[in-house]
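I opened my notebook to record what I looked up, step by step.

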Amino acid sequence: MTDASSIERTSTPPPRPEYFRKEDLNTDFGIVEKPLTFAERLWNHGGLRKSVLLIALAVGWEVYARHLNNALLVPTFTSTIEAFWTAILSGELPGKAMNSLRLLLQGYGLGLVLALLFTAFAMMTRIGNDLLETLTSMFNPLPAIALLPLTLIWFGLGDKSIIFVLVHSVLWAVALNTHSGFKSVSNTLRMVGRNCGLKGIGFVTKILIPAAFPSILTGLKIGWAFAWRTLIAAELVFGATSGKGGLGWFIYEAKNQLEIPAVFAGLFTVILIGLLVENLIFRNIERVTVKRWGMQN
Amino acid sequence: MNQHTPIEAPLLQVRGVTLQYKTKEHLVTATYRVSFDVLKSERYVLLGPSGCGKSTLMKAVGGYMTPTEGTITLKGKSIRKPGPDRMMVFQEFDQLLPWKTVKKNVIFALESSGKMRGRQAEEKALDAIDKVNLTKFADNYPHTLSGGMKQRVAIARAMAMEPDILLLDEPFAALDALTRRKMQDELMQLWADTKFTVLFVTHSIPEAIRIGSRILLLSPHPGQVKAELNSDGEDRVNPATGVKLSDYIHGMLFSDPAAAPEIKDVERVHD
């Protein structure tokens, strides 16, 4: 070893002088921080960028619809807004939307509770784990709407049938995401939790759920979207299954009367509610949880 | 080993411990009949190359693994499961809960172990954070801290619990050399203040000499005890052999079996 190092040292270039210097403490470094220009700051605003995109899409739609000039195929953006506005003023659209939302929240909430119980059971016992894995792989690919004919026989026309299929559409998506989130919690964090004396339900609520929160949140979003699709589809395909009817029924009726702008207005409402929920609710949950914790950028 | 008759009963007793774990294809024996004692206020270092089962041994002391043979007792009680009387600090930076601030991380340990609540826990936490010089960062989330700071928080969290023994599993291994050196000094300073008992795992010979008051050398595949040495923190030249302690340990760990008798002679000199 000593031989090797001495050989290496003799083959280096000739020595250069060493030097020492003091740090300059009162130098003007010039500009260290440069403020962004007004335009740059505007462009950094995510909401603004998205609004620009939305306006561009609306303009594109208007131009295309006017060029096509066939209100039965594609009504113009302005006539859709008009139909939307009259439906709101008449109280028909808000009422139908509320009906849909009420059903949706019931099905979604029930689905979430069941998913939580299911995954907690799966985390605590091995047979629960097997059960969850088997059931999710069986039922997750099964479209909820395919169950509707059956549930109509079981529960009859009414809220119960719709809530049943909603639960089906939410449960498996949320359970799958939550479960995979739980499984990917780092071993170190698990060991820290057990080191502090946590076990059972305390371990699930204090370690697993917060640590798996990014996946859980994804599950919540997917579940929400699945629930919407199922609900609207159920109303569209099978008509009003409850006496009052929801958004899907509104679209169905408008189509039957060839009021195409109203059909678009119905679709528009679904999109609008989706945007609101995403931007007001999920975005804010993300902001105060996973983003603040540095688990997501 | 038996020539050291302890003045008091050892705090941690490891007796003939064989540890095995299963991978998909193999049954791996990590350590084979390892025995050692840790006395109160000792800084006991487990040193060995990778594959000597030192981390597995640490996990067994932590209660995450049960030995296939032998016993581990802390204060005379057999270790069965993880518990707050043996706080562990890991090598990984992700041992802090990312959803809690520095202060809340320390409080979390105090509260979930049922040791303290509310105001009292908060004061204890702030006190521990102050000891590792992170008071300014008490309300920061872990992702805003550097690696060295995260390890300091983990050490503060473990120390606030006032465990019977502190288990440090290569806590500085993932740090850069400069930070590592600084953290070693800080740990020694903390020890000088409270004289806690530490079990320290490392694969760095200089770190073992700096940190340890007693060093257990383990050989790899499977881990077996090779020697138990004393250290006063300096890498001294032994006047009897003319060999530096670090070179001596290096020789012990990487010697071929044929040279073993020679080394056995030297061992007594070092004891």
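My entries follow, from whole chain down to single residues.

**Entry 1: the model and chain A**

I noted at the start that this is a predicted model. I then asked how many helices and strands chain A has. I found 13 helices and 0 strands in chain A.

Next I looked up the overall dimensions. The C-alpha trace of chain A spans about 95 × 60 × 35 Å along its principal axes. I looked up the radius of gyration of chain A too, and it is 29 Å. A compact globule of 297 residues would have a value near 19 Å. I also checked burial: 30% of the 297 residues of chain A count as buried. Then I took the contacts in chain A between residues at least 6 apart in sequence. Of these, 67% join residues at least 24 apart.

**Entry 2: where chain A touches chain B**

I asked how many residues each chain gives to the contact. Chain A gives 16 residues and chain B gives 20 residues. On the side of chain A, helix H9 (187–195) and helix H10 (200–211) are the elements that give two or more residues. H9(A) gives the most, with 6 residues. I sorted this side of chain A by class and got 8 nonpolar, 5 polar and 3 charged residues.

I stayed with H9(A) and listed its buried residues. They are Leu189(A), Met191(A), Val192(A), Gly193(A) and Asn195(A). What do they pack against? They pack against H10 of chain A, together with helix H1 (54–62) and strand S6 (86–89) of chain B. Just after H9(A), Gly197(A) takes a positive phi of about 90°.

**Entry 3: H4 of chain B and two partners**

I reminded myself how such pairs are recorded. Two packed helices are described by the angle between their axes and the distance between the axes.

The crossing of H2(B) and H4(B) is right-handed. From H2(B), Val102(B), Asn105(B), Val106(B), Ala109(B) and Leu110(B) take part. They meet Val153(B), Ala156(B), Arg157(B) and Ala160(B) in H4(B). By class, this contact has 7 nonpolar, 1 polar and 1 charged residues.

The second pair is helix H3 (residues 118–131) of chain B and H4(B). Their angle is about 135°, and their axes are 9 Å apart. H3(B) and H4(B) are therefore oblique to each other. H3(B) passes H4(B) in a right-handed crossing. In H3(B), Lys124(B), Ala125(B), Ala128(B), Ile129(B) and Lys131(B) meet Ala156(B), Met159(B) and Ala160(B) of H4(B). I counted 6 nonpolar, no polar and 2 charged residues in this contact.

**Entry 4: two pairs brought together in chain A**

I found Leu258(A) in the loop between helix H12 (247–256) and helix H13 (260–291) of chain A. Is Leu258(A) buried or exposed? Leu258(A) is exposed, because 10 other C-beta atoms lie within 10 Å. Leu258(A) and Leu72(A) are 186 residues apart in sequence, but 7.4 Å apart in space, C-alpha to C-alpha.

Ala233(A) lies in helix H11 (residues 213–238) of chain A. It counts as partly exposed, with 17 C-beta neighbours inside 10 Å. Ala233(A) and Ile145(A) are 88 residues apart in sequence and 7.2 Å apart in space, C-alpha to C-alpha.

Most residues other than glycine have a negative phi, and most peptide bonds are trans.

The peptide bond from His221(B) to Pro222(B) is cis, with omega near -15°. I placed Pro222(B) in the loop between strand S9 (214–219) and strand S10 (224–230) of chain B.

Arg33(B) has a positive phi, near 45°. Arg33(B) sits in strand S2 (residues 27–38) of chain B. It is partly exposed, with 14 other C-beta atoms within 10 Å.

Lys195(B) has a positive phi as well, near 55°. I found Lys195(B) in the loop between helix H5 (177–194) and strand S8 (198–202) of chain B. Lys195(B) is exposed, with 11 other C-beta atoms within 10 Å.

Key
Residues are numbered from 1 along each chain as its sequence is written. Chains are lettered from A and ligands numbered from 1 in the order in which they are written. This is a predicted model: local features need pLDDT of at least 70, side-chain atom pairs count only at pLDDT 80 or more; totals for chains, interfaces and linings use all residues. Helices (H or I, at least four residues) and strands (E, at least two) are DSSP runs, numbered from the N terminus. The radius of gyration is taken over C-alpha atoms; the globule rule is 2.2 Å times the number of residues to the power 0.38. A residue is buried if 20 or more other C-beta atoms lie within 10 Å of its own, exposed if 12 or fewer, and partly exposed in between; C-beta atoms are placed from the backbone. Two residues are in contact if their C-beta atoms, placed from the backbone, lie within 7 Å. Ala, Val, Leu, Ile, Met, Phe, Trp, Tyr, Cys and Pro count as nonpolar, Asp, Glu, Lys and Arg as charged, and the others, Gly among them, as polar. A crossing is left-handed if the near helix is turned anticlockwise from the far one by less than a right angle, and right-handed if clockwise. Axes are lines fitted to C-alpha atoms, for helices over the stretch in contact, and angles run from 0 to 180 degrees between N-to-C directions. Angles under 35 degrees count as roughly parallel, over 145 as roughly antiparallel, 65 to 115 as roughly perpendicular and the rest as oblique.
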